Amino acid sequence: VEWIEDPLPVVKLAALGIVKSRIADEGKRPEGDVPAALLRLLKHDSAAVRREALQILQNLSDPSVVEGVLARVGEEKDATTRQALFQALGKLGTPAAVPALTREIASTASSPDCVREAALALSQIAAKPESKDSLREATSTLAERYRSLPADPPALRAALLTAMAGIGAPSFTSDFVAAVEADDAVILPAALRGLRAVGDSSKLPRIRTLMAHADPRVRLAAIEAAG
């Protein structure tokens with residue numbers, strides 16, 4: 001804890017490296033006063049230090065960690081660190097993060113990278129059965145943001161489609177049906193997972209065609225959807 005709280009960032013980063021190596025090499029999670037010290041680093045002046053702390057905290061499923069990360073979302077100005085915050089919320093997988101992620105997706109002032117990471121985090125949370133009720137509030141926001149986007153960038157559209165597929169709301173069906181006609185290998189896997197989630201078989205001929213697609217990710221998603 002003394003090293004984590006040392007005034008010199010280089011000492012802090014070295015201490016964080018020790019914590020990470022103990023997790024990776026020995027399977028030892030931070031204990032005692034260490035988690036609280038890590039949470040305090042989320043307010044450190046150095047964005048690099050904040051991101052290093054997040055890499056550890058995102059693996060600690062603890063209410064205090066979720067609370068600390070969510071509190072930082074409203075304060076963080078560094079775009080790269082905001083992306084790391086959303087990645088952490090996705091890995092923590094807590095339904096408590098849904099309102100913050102939904103706000104990020106809805107915000108036109110948010111960078112495309114942050115919106116993409118927020119959508120991917122939602123898709124991770126959607127994989128947990130206990131999150132179903134909390135995700136209802138994100139349904140309309142996802143659809144509105146997705147439908148307002150131009151064709152580019154496909155990565156953002158794919159992330160939103162991935163979150164929509166994770167939720168699997170019937171209201172998304174028309175979006176999945178349209179997206180599966182795309183030629184973009186970035187979009188197609190999410191569109192196929194979406195059709196599979198809502199149980200729509202109207203595009204079965206197209207799905208069969210995609211089973212021979214050049215991209216293995218598309219082939220796999222098409223085979224799973226057909227199955």
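From the N terminus on, the elements of the chain run α-α-α-α-α-α-α-α-α-α-α-α-α. That makes 13 helices and zero strands in what is a predicted model. Of the 227 residues, 47% count as buried.

**Overall dimensions and contacts**

- The C-alpha trace of the chain spans about 65 × 35 × 30 Å along its principal axes.
- Among contacts in the chain with a separation of 6 or more, 61% are between residues 24 or more positions apart.

**Helix 6 and helix 7**

- Helix 6 covers residues 98–106 and helix 7 covers residues 112–126.
- The axes of helix 6 and helix 7 come within 9 Å and cross at roughly 145 degrees.
- The crossing of helix 6 with helix 7 is left-handed.
- On the helix 6 side, the residues in this contact are V98, L101, E104 and I105.
- Helix 7 meets them with C114, V115, A118, A119, A121, L122 and I125.
- Sorted by class, this contact has 10 nonpolar residues, no polar residues and one charged residue.

**Burial of helix 6**

- V98, A100, L101, T102, E104 and I105 are buried in helix 6.
- The cover over these buried residues includes helix 7, along with helix 4 (63–73), helix 5 (79–92), helix 8 (136–148) and helix 9 (154–167).

**R72 in helix 4**

- R72 is a residue of helix 4, one of the helices that cover the buried residues of helix 6.
- R72 counts as buried because its relative accessible area is 12%, where the cut-off is under 20%.
- Apart from neighbours within four places in sequence, R72 is in contact with L42, K43, R50 and L85.
- Of these partners, L85 falls within the 79–92 range of helix 5.

**The largest pocket**

- The volume of the largest pocket is about 230 Å³.
- There are 13 lining residues, and those closest to the centre of the pocket are A15, I18, V19, R22 and V34.
- Helix 1 (residues 9–26) gives the largest share of the lining, with five residues.
- By class, the lining has nine nonpolar and four charged residues, and no polar ones.

Key:
Residues numbered from 1 in each chain as written. Predicted model: local features only at pLDDT ≥ 70, side-chain atom pairs only at ≥ 80, totals over all residues. Heavy atoms only, no water. 1 Å grid on protein atoms, 1.4 Å probe; cavity = no way out; pocket = protein on both sides within 12 Å on 5 of 7 lines; lining within 4 Å. Points joined across faces, edges and corners; volume = space filled by probe spheres on them. Helix = DSSP H or I, 4+ residues; strand = E, 2+ residues; numbered from the N terminus. Nonpolar A, V, L, I, M, F, W, Y, C, P; charged D, E, K, R; others polar. Axes fitted to C-alpha atoms, helices over the stretch in contact; angles between N-to-C directions. Left-handed = near helix turned anticlockwise from the far one by under 90°. Contact = heavy atoms within 4.5 Å. Buried < 20%, exposed > 50% of the residue type's maximum accessible area, 1.4 Å probe, protein only.
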